[in-house]
Amino acid sequence: MALRGFCTGLKTTLRRGRAFRGPVTSAFSGTEFALLQGHNPQPLLRPCCARQLDLTGPVSFAAHAQALAETSASDPAPSVYRIEVVTGDVRGAGTQAPAIVTLYGESGGSSDYVVGNEQDENGFERGSSKKYELSVEKDLGVLKRIHVEQCEPSVTDTGSGWFLDKIEVTGPDGQAVVFPCHSWIGKNDAGDISGPVSNQRNLIPCERLDLPAIQFQDLEQPLKVQASAIAVPHPEKVHGGIGKAVNKKKTGWGGEDAYFCTTGPHGILGMGIADGVYQWREKGIDAGEFSRLLMHTALEAVEEGQPDVLKVMQAAASRVTAAGTQGSSTCCIVLIDTLHGRLASANVGDSGFMILGVTNNNPKPHVKFRTPQQEHQFGCPYQLGHHQAADPPEDAMLTALPLIAGDVIVMGSDGLFDNVADETILSEVQAQITAGKRASIIAQRLCAVAFNNSVDKDALTPYCVAATEAFDMVYSGGKKDDITVLVAHIQ
């Protein structure tokens with residue numbers, strides 16, 4: 001893959017939890033902001049006219065103080081988003097604490113909005129459904145995620161934990177999008193330990209895979225997952241002595257590819273693949289170190305109980321930056337919630353995964369879902385990295401999907417998907433399952449098919465088809481590359 005050849009802008013966000021005195025000035029535009037809180041619902045920061053505000057006293061959500069600002073008549077008309085916050089109907093699900101909601105779409109993020117702080121009733125009751133109307137500064141485009149943060153409860157509040165079931169958002173175009181959660185935010189009040197205690201979550205829109213009746217809820221029996229992975233390096237790297245493959249129980253690598261597969265608490269199974277950019281060797285940098293540290297840190301985050309797939313990726317990227325490791329890499333991370341039958345993924349670049357199985361409308365095994373490649377241009381995928389032109393984890397493509405027994409998840413670097421067509425992967429997987437083979441054998445078989453195609457100059461591969469289209473020249477054969485395959489069979 002190629003290095004990304006242009007820079008991205010920086011985004012600065014001002015969040016709750018700091019003491020302010022006077023107006024807050026944007027470093028970019030010189031616009032002043034007033035701190036808002038209180039009624040239903042208000043952004044924490046909202047443009048206002050240039051005047052001094054007395055914010056010297058303590059900020060308290062319980063006090064329902066509100067600083068009102070005059071909005072310029074020249075401001076564009078806001079886009080209206082209607083959200084419905086649904087609290088679960090389980091013991092201890094309700095909370096008296098409000099929450100902060102931030103919407104993120106293809107066109108950027110919204111301001112932070114406080115919800116659940118009505119004058120007559122704070123927080124969210126068990127089994128409740130509360131609706132809010134948000135006036136957002138601009139149309140955010142296709143929504144990618146919602147960041148939810150529970151406000152700190154007052155010292156008199158009891159039962160501060162909140163079991164958020166889902167948030168449904170209806171955009172300016174009238175289209176409704178469901179962001180499932182079905183887990184605890186903040187301390188668990190159910191009398192046992194069945195979830196994390198983080199007060200923040202990133203919610204991902206759900207793809208329903210033509211199963212309109214699907215609901216994320218506790219399964220009678222947790223899903224069982226049989227998973228295995230294998231990595232092999234580019235053949236020329238092996239001959240050069242720089243690409244020896246290492247395949248262990250939880251992690252492995254080959255060339256600049258790396259992977260992990262591990263289990264965490266609360267029924268979570270985590271998997272990931274990172275594909276480092278080989279061209280960094282021309283500058284004396286081993287991008288394999290970058291991809292391996294990414295996967296090692298992601299593995300640790302899963303085992304420590306992080307249930308938020310974007311936060312797993314953010315933690316991995318932050319660790320690599322803090323360590324001063326140079327290079328860049330694609331990154332695909334998948335978390336499988338076996339207690340609720342749900343998959344959540346974050347993907348940057350052209351590594352990815354596909355789900356094979358059946359649905360209500362199609363009982364024949366087929367490709368139920370496939371991640372699209374994220375590329376700036378052909379051969380130049382999105383990538384995390386140490387350089388200014390790298391893409392941030394927040395640009396990851398986020399997906400939430402239901403899983404059922406019988407589904408097969410195939411993850412791979414571009415060494416797999418550039419050399420083997422989806423239909424071939426499907427037929428190979430089905431043949432191995434019919435023969436009673438385990439996930440380890442399926443992964444090895446797919447890796448062998450990809451390797452054979454990669455060194456076949458006459459093979460018709462996805463890469464040669466895409467290259468022919470991109471460059472308007474006839475290409476044939478496979479693409480020699482590091483190959484990593486990870487297979488998870490849901491049982």
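Over the ring of which residue does the charged end of Arg-370 sit? The ring is that of Phe-417, and the charged end of Arg-370 is 4.2 Å from its centre. The model is predicted, and the points below should be read with that in mind.

1. A second contact between a charge and a ring involves Lys-130. Lys-130 lies over the face of Phe-124, at 5.5 Å from the ring centre.

2. Strand S19 covers residues 328–337, and ten of its ten residues are buried. In a regular strand, side chains point in turn to one face of the sheet and then the other. Both faces of S19 are covered.

3. S19 pairs with strand S18 (residues 268–276). The two run antiparallel and are joined by nine bridges. Ile-268 has Asp-337 of S19 as its bridge partner.

4. S19 also pairs with strand S20 (residues 342–348), again antiparallel, through seven bridges. Within this pairing, Ile-336 stands opposite Leu-343 of S20. The two strands form a hairpin with four residues between them, and Gly-341 in the turn has a positive phi of about 65°.

5. Strand S25 (residues 384–385) is joined to S19 by two bridges, and these strands run antiparallel. Here Ser-328 stands opposite Gly-385 of S25.

6. The structure holds six aromatic pairs. In one of them, the ring centres of Phe-378 and Tyr-463 are 5.8 Å apart and the planes are at 35°, so the pair counts as tilted. The pair links distant parts of the chain, 85 residues apart: Phe-378 is in the loop between strand S23 (375–377) and strand S24 (380–381), while Tyr-463 is in helix H7 (residues 462–471). Phe-378 has a relative accessible area of 28% and is therefore partly exposed. Tyr-463, at 25% relative accessibility, also counts as partly exposed.

7. Phe-378 forms an aromatic pair with Phe-471 as well, and this one is edge-to-face, with 5.3 Å from centre to centre and 90° between the planes. Phe-471 lies in helix H7, 93 residues from Phe-378, so this pair too links distant parts of the chain. Phe-471 is partly exposed, at 43% relative accessibility. Phe-378, Tyr-463, Phe-471 and Tyr-475 form one aromatic cluster.

8. Two members of that cluster, Phe-471 and Tyr-475, also belong to a surface patch. Together with Met-473 they form a nonpolar patch with about 310 Å² of accessible area. Met-473 is found in the loop between H7 and strand S28 (483–490).

9. Asp-472 is in the loop between H7 and S28. Most residues other than glycine have a negative phi. Asp-472 is not a glycine, yet its phi is positive, at about 55°. With a relative accessible area of 70%, Asp-472 is exposed.

10. His-266 also has a positive phi, near 65°, and is a residue other than glycine. His-266 is placed in the loop between strand S17 (257–263) and S18. At 28% relative accessibility, His-266 counts as partly exposed.

Key. Residues are numbered from 1 along each chain as its sequence is written. This is a predicted model: local features need pLDDT of at least 70, side-chain atom pairs count only at pLDDT 80 or more; totals for chains, interfaces and linings use all residues. Side-chain values use heavy atoms; hydrogens and water are left out. Buried means under 20% relative accessible area, exposed over 50%, partly exposed in between (1.4 Å probe, protein chains only). Two strands pair if DSSP finds at least two bridges between them. Rings of Phe, Tyr and Trp (its six-membered ring) pair if their centres lie within 6.5 Å; planes under 30 degrees apart count as stacked, over 60 as edge-to-face and the rest as tilted. A charge sits over a ring if NZ of Lys or CZ of Arg is within 6 Å of the ring centre and within 35 degrees of the ring normal. Patches are made of residues with over 30% relative accessible area and no salt bridge: like charges are joined within 9 Å, nonpolar side chains (Val, Leu, Ile, Met, Phe, Trp, Tyr) within 5 Å. Accessible areas come from the Shrake-Rupley method with a 1.4 Å probe; for residues, only the protein chains shown count as cover. A salt bridge is a side-chain nitrogen of Lys or Arg within 4 Å of a carboxyl oxygen of Asp or Glu.
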